[in-house]
Amino acid sequence: MALSPAFHTILTTSVSAPSPKLPPFISSPQRFPFLTKPLRPNAFNLSTSSSAPDQKWRVNVSFFPAFLNKGKDAKVLKQDLLDCIAPLDRGADATPEDQQRVDQLASKLEAVNPTKQPLKSDLLNGKWELIYTTSKSILQTQRPKFLRSSTNYQAINVDTLRAQNMESWPFFNQVTADLTPLNARKVAVKFDYFKIGGLIPIKAPGRARGELEITYLDEELRISRGDLGNLFILKMIDPSYRVPV
């Protein structure tokens, strides 16, 4: 049974020569500002004798409502992103304008990422479903719809530094990989075994490597960017799932 090119899933390898039969899977930007203006020593002088000091006090404490609204802003941004990608068939129906809009919304959400060190967080553990990507090898848009993988999953366990990508109907291919942290949110990926139809193991070639950067992570949603420039958005479906070792 020939290995489907469709098996290029969420882990994307950076290989110089094309590999039409062996699928690359995990794949890899950054932004986390949150600064507040420090209070002046006399910031809490509530004297009404002058309007100027009172004005300064109001400016200095204006960060407090913004801090309270940060969670709300992230929730709104996340819903905007989900609403934007909902009609795009995981990205297969996205126009260049759609892709640009999704990328802009993803970037805004990345800027309020609540998990600064995702590789040290238990929130990363489990099985995720891919709900949007710009990767053509995953979307398989050159094929008729009935020959495309209907759903793609990725599982990660940070304690064992293992990852697994899975396709559903019609191929059920899988691949497992070892992860090597490059920093607190980026990993190098080395694939070890592909499973054709989820059953027939094939040792991965040495060139089957890639990188993946996790740029947003919460209990429900993960955004990752690959070393080939692709964007991946996934939702959590099973936090208890364990990757085979």
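A nonpolar core is here a set of buried Ala, Val, Leu, Ile, Met, Phe, Trp, Tyr and Cys residues joined through side-chain atoms within 4.5 Å, where buried means under 20% relative accessible area, exposed over 50%, and partly exposed in between (1.4 Å probe, protein chains only). The model is predicted, with local features needing pLDDT of at least 70 and side-chain atom pairs counting only at pLDDT 80 or more, while totals for chains, interfaces and linings use all residues. Residues are numbered from 1 along each chain as its sequence is written, and side-chain values use heavy atoms, with hydrogens and water left out.

**Overall make-up**
- The protein has 4 helices and 9 strands, which are DSSP runs numbered from the N terminus (helices, H or I, at least four residues; strands, E, at least two).
- Read from the N terminus, the order of elements is α-α-α-β-α-β-β-β-β-β-β-β-β.

**Nonpolar cores**
- The largest nonpolar core has 23 residues, of which Leu124, Ile156, Leu179, Val187, Val189 and Phe191 touch the most other members.
- At least two residues of this core come from each of strands E1 (126-133), E4 (174-181), E5 (186-196), E7 (209-217) and E9 (231-238), and E5 gives the most, with 4 residues.
- Another core, of 19 residues, lies apart from the largest one and includes Leu77, Ile85, Tyr132 and Ile233.
- Ile156 is in contact (heavy atoms within 4.5 Å) with Leu124, Asn125, Gly126, Arg162, Ala163, Leu179, Arg222 and Val243, leaving aside its neighbours within four places in sequence.

**Two asparagines**
- Asn152 belongs to strand E2 (residues 152-157) and counts as buried because its relative accessibility is 0%; its side chain is joined to that of Arg90 by a polar contact of 2.6 Å.
- A polar contact is a pair of N or O atoms within 3.5 Å; within protein, one must be able to donate a hydrogen and the other to accept it, and residues adjacent in sequence count only if both atoms are side-chain atoms.
- Asn230 lies in the loop between strand E8 (221-226) and E9, and it counts as buried because its relative accessibility is 15%.
- The side chains of Asn230 and Thr134 are joined by a polar contact of 3.0 Å.
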